[in-house]
Amino acid sequence: MLDYKLLEAFAMVILEGGFEKAARKLCLTQSAVSQRVRQLEDLYGTILLKRTTPPQPTDSGLQLLIHYKKVKQLERDLDQQNSGDENTFHSLSIGVNADTLETWFFSSVQRLLHQYNIVLDLQVDDQDMTHELLKDGKVWGCISTRPTPQQGCTAEFLGAVRYGIYAAPIFKEKWFSSGINLDVFQNAPLVRFNRKDELSRKILTEIFGELPKSIADHSGLTRPPVFFVPSTEIYALFVTDGLCWGVLPEQQSKPLESSGKIVNLSPENYVDVNLFWHSWTLKSETMQCYSKHFITQAREVLHN
């Protein structure tokens, strides 16, 4: 049987980012926390914690950390049911990509947050990588492009975000006055969110069936020139200001296109990115309520 005092000490070292911070959180000495972690490792007969800065769980330790978080979530649900305290709030950690966060996410949770005592701990990563946050026990749910759930989790299809290729009218006139072709994309400046962002490559492949050589082999820093802008809002400003072309989601591009700030360089071509909601299979009333509401609202704004 698990000794939850030992498990709590282990979890706090990871969640608080160190033995000293965990000791302050638990009102213990640092020595006492270290001793409890060692006792837990002796009990399991394996190393559970990498003594890095900050400390990180091993594969075995990660399973214990996820178990601890699940138990704490169920305890919070039970406490709220028994206390009836309207001032008790639940904190839910969620992995989300930047485009989602800065476009349609808030409208999908707004009503729920007004109705229930829930606060969100949002952790941002690329939409192809958010499931790693779930796998590492950092979040209990995430929005991901991955269709298959990992062990102990479920996955529900939310819908697709449609991306197109856009530029300011002045940029189009300068670079694409004779139409779009591979040679122009070989030299025209573009913007990417970060080095994980593959949307520009995907949509050019959709248009031409191949990529400009310099984009295909990642060979040059200057052909084409690339802006790396890890902010959805600022990313769009680089496009609207006529500095480069970029790939924008429909929820963001529609109002900019309507106002004449950008034009679609190839309206017949787009990339649909399917999104899925992943979460632990845990019978937590709070978590189930959030998932049900969020899935319903997301499906109203995304392509299905």
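Modeller: Let me start with a pair of residues: Gly-164 stands opposite Leu-248 in strand 9. Please keep in mind that this is a predicted model.

Colleague: How do you know that strand 6 and strand 9 pair?
Modeller: Two strands pair if there are at least two bridges between them. Strand 6 (residues 153-167) and strand 9 are joined by four bridges and run antiparallel, so they count as a pair.

Colleague: Which way do the residues of strand 9 point, and are they buried or exposed?
Modeller: From strand 9 (residues 246-249), Gly-246 and Leu-248 point one way, while Val-247 and Pro-249 point the other way. All are buried. In a regular strand the side chains alternate between the two faces of the sheet.

Colleague: What makes strand 11 a largely enclosed strand?
Modeller: Strand 11 (residues 271-280) has 10 residues and eight of them are buried, so the rest of the structure largely encloses it.

Colleague: Which strands pair with strand 11?
Modeller: Strand 5 (residues 141-144) is joined to strand 11 by four bridges, and the two run antiparallel. Here Gly-141 has Ser-279 as its bridge partner. Strand 6 is joined to strand 11 by 10 bridges, again antiparallel, and Glu-156 of that pairing stands opposite Trp-277. The cut-off is at least two bridges, so both pairings qualify.

Colleague: Now the helices. How do you know that the length of helix 1 agrees with its number of residues?
Modeller: Helix 1 has 13 residues, and at 1.5 Å a residue they should span 18 Å. The end C-alpha atoms are 17 Å apart, which agrees.

Colleague: What caps the N-terminal end of helix 1?
Modeller: Asp-3 does, with a side-chain oxygen 3.0 Å from the backbone nitrogen of Lys-5. A polar contact needs N or O atoms within 3.5 Å, and the distance for Asp-3 is 3.0 Å. After helix 1 comes Gly-17, whose phi is positive, near 85°.

Colleague: Which residues of helix 1 are buried?
Modeller: They are Leu-6, Leu-7, Ala-9, Phe-10, Ala-11, Met-12, Val-13 and Ile-14.

Colleague: What lines the largest cavity?
Modeller: The largest cavity, with a volume of about 250 Å³, is lined by 21 residues, and Asp-99, Asp-126, Phe-193, Asp-197 and Leu-199 lie nearest its centre. Strand 9 gives the largest share of that lining, three residues. By class, the lining has nine nonpolar, four polar and eight charged residues.

Colleague: How does the second largest cavity pass the cut-off?
Modeller: Its volume is about 40 Å³, and the search counts cavities of 30 Å³ or more. Its lining includes Asn-97, Gln-127 and Pro-249, while helix 5 and strand 6 each supply at least two residues.

Colleague: Which element gives the most to the lining of the largest pocket?
Modeller: Helix 4 does, with eight residues. The largest pocket holds about 730 Å³ of space and is lined by 32 residues, with Leu-15, Leu-65, Lys-69, Gly-137 and Lys-138 nearest its centre. That lining divides into 13 nonpolar, seven polar and 12 charged residues.

How values were computed:
Residues numbered from 1 in each chain as written. Predicted model: local features only at pLDDT ≥ 70, side-chain atom pairs only at ≥ 80, totals over all residues. Heavy atoms only, no water. 1 Å grid on protein atoms, 1.4 Å probe; cavity = no way out; pocket = protein on both sides within 12 Å on 5 of 7 lines; lining within 4 Å. Points joined across faces, edges and corners; volume = space filled by probe spheres on them. Nonpolar A, V, L, I, M, F, W, Y, C, P; charged D, E, K, R; others polar. Buried < 20%, exposed > 50% of the residue type's maximum accessible area, 1.4 Å probe, protein only. Expected span 1.5 Å × (residues − 1). Polar contact = N/O pair within 3.5 Å; in protein donor to acceptor, adjacent residues only side chain to side chain.
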